[in-house]
Amino acid sequence: MGNLTEILRVCFSANALVTGIVTIGLISIITYISFVLERKVSVASSFFKKVSINVAEMLLLILMLFIITIVFKSFTGGTEVELGGLLANAELTILFYCLFIFNNRLIVLLNVFLPFLYHPSSDISRIQGPYAWLFVVAYLILIIVIDYLYSHKDVLAISNYRYLSSQVLFGVCWWIFLWIDYKFPLVDIIGMLILFEVYMFIVRVIELKMSMYMHAYNDLENKVNYDALTGVRNRANLNKISKEVFEKYNQSNVPLTVMLFDIDHFKEFNDHYGHDVGDEVLRHVSHIVERELHIDDSKRQLFRYGGEEFVILLRNNDTQRAREIVNRINQTLTAMPLFIQETRLDVTLCFGVTMLRRTDKSFDDTFKRVDNYLYLSKNNGRDEMTIEGKIFQYEKTNVVKI
């Protein structure tokens, strides 16, 4: 009965409550930042960008651990064992959570080597005494848990059972290390381990709730800024971004090129084959253009302006570069026609191209000019481009048609 009372005292002390509140607050911050960073990096991101994000996440983890330590320095009540155990629990909670939520090899390496890095882990005698076997077993289990956390995030995100099992094993392994190093009383070890699981349960609930709200926000943002049919940015997003790029590039020496294109004879696709086929043509064109735009520059942006009209913003690209891109798009469309129900549909585009000028008073001036250039292409027979008022035919190459 006395042991149970001691365990309850450890778990529900004022210091434990303060520790839990601070830890959960830091976890909420980590969750939000992870959501922001996740949106900034993708498989197509550059190596430098991926490394920068990983370093930022690692620094965030170190900062959170530092804040926890500072908070504990302000504690004056409680025994050294209690405060040391609470600090360890808070740190373990943050370590486990960052390992789970970030896809970061630096954090994995930190977790792998940390049992040999903290004080008094540098004392080699800890793994040469009678408990050496226990240390080795716990460490091997910890490595398996860390590897599983890193490689099975999707499974853990939807499986509460596997998530719970992982956190229990993680906590047990670490409290074995702490017991070997500090010889805490067993009753305190049990209390702290229970408290760790309580922290992690609360963290799990918060993480699920925050993820739900953030993904709901992300879905809403996608509906507002992206076209549901083609998946590219929509006109509302163009209106927003066009104001930003105009202010940035209008008085700059860095070029900004605006391209407006139209699918030739699109009405005939709808009238002859039906609107479902027309939708497939829109998707086919937008996917090919999007792919060609991002082959060598991830900053180019494609917008569906309305109907069969699309806008492209080329930052740091002049009209010569735009001409090369248009020719590449045309070559890909020629090489990859659309097949629907064994019917081949050859899709062509006509373009208007212009650069932002210092004399433009707003983006509307630029857009009106590129719109006029597009109509020049249409009126001249389509399947061509007009760049700054001059009409160009597409370059003919030896494209192997399917």
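Predicted model: local features only at pLDDT ≥ 70, side-chain atom pairs only at ≥ 80, totals over all residues.

Student: Which residues of H6 are buried?

Tutor: Ala132, Leu134, Phe135, Ala138, Tyr139, Leu142, Val145, Ile146 and Leu149. Buried means under 20% relative accessible area, exposed means over 50%, and partly exposed is in between (1.4 Å probe, protein chains only).

Student: What makes the buried residues line one face of H6?

Tutor: Looking down the axis of H6, its buried residues fall within an arc of 145 degrees, so they line one face. The arc is taken from the directions from the helix axis to the C-beta atoms.

Student: How do you know that the span of H6 agrees with what a helix should give?

Tutor: The expected span is 1.5 Å times one less than the number of residues. H6 (residues 132-151) has 20 residues, so it should span 28 Å, and its end C-alpha atoms are 29 Å apart, which agrees. Helices here are DSSP runs (H or I, at least four residues), strands are runs of E (at least two), and both are numbered from the N terminus.

Student: Why is the contact between aspartate 262 and lysine 378 called a salt bridge?

Tutor: The cut-off is a side-chain nitrogen of Lys or Arg within 4 Å of a carboxyl oxygen of Asp or Glu. For aspartate 262 and lysine 378 the N to O distance is 2.7 Å, so the pair qualifies. Aspartate 262 sits in strand E1 (residues 256-263) and lysine 378 in helix H14 (residues 363-379), 116 residues apart. There's a network too: Asp262, Glu309 and Lys378 are linked by salt bridges. The whole structure has twelve salt bridges.

Student: What makes aspartate 262 and lysine 378 count as buried?

Tutor: Aspartate 262 has a relative accessible area of 2%, so it is buried. Lysine 378, at 14%, is buried as well.

Student: Why are arginine 321 and glutamate 324 said to be separated by about one helical turn?

Tutor: Because they are three residues apart in helix H13 (residues 319-335). Arginine 321 is partly exposed at 21%, and glutamate 324 is partly exposed at 37%.

Student: And arginine 291 with glutamate 292: what distance makes that a salt bridge?

Tutor: The closest N and O atoms are 3.5 Å apart. Arginine 291 is partly exposed at 45%, whereas glutamate 292 is buried at 4%.

Student: Which residues make the nonpolar surface patch?

Tutor: Phe47, Val51, Val55, Leu59, Ile62, Leu106, Leu109, Phe113, Phe116 and Leu117, over about 940 Å². Helix H3 (47-73) and helix H5 (105-113) each give two or more residues, and H3 has the largest share, five. Patch residues need over 30% relative accessible area and no salt bridge, with nonpolar side chains (Val, Leu, Ile, Met, Phe, Trp, Tyr) joined within 5 Å and like charges within 9 Å.

Student: How exposed is leucine 109?

Tutor: Leucine 109 is partly exposed, at 45%, and lies in helix H5.

Notes
Residues numbered from 1 in each chain as written. Heavy atoms only, no water. Areas by Shrake-Rupley, 256 points an atom, 1.4 Å probe, with all protein chains shown as cover.
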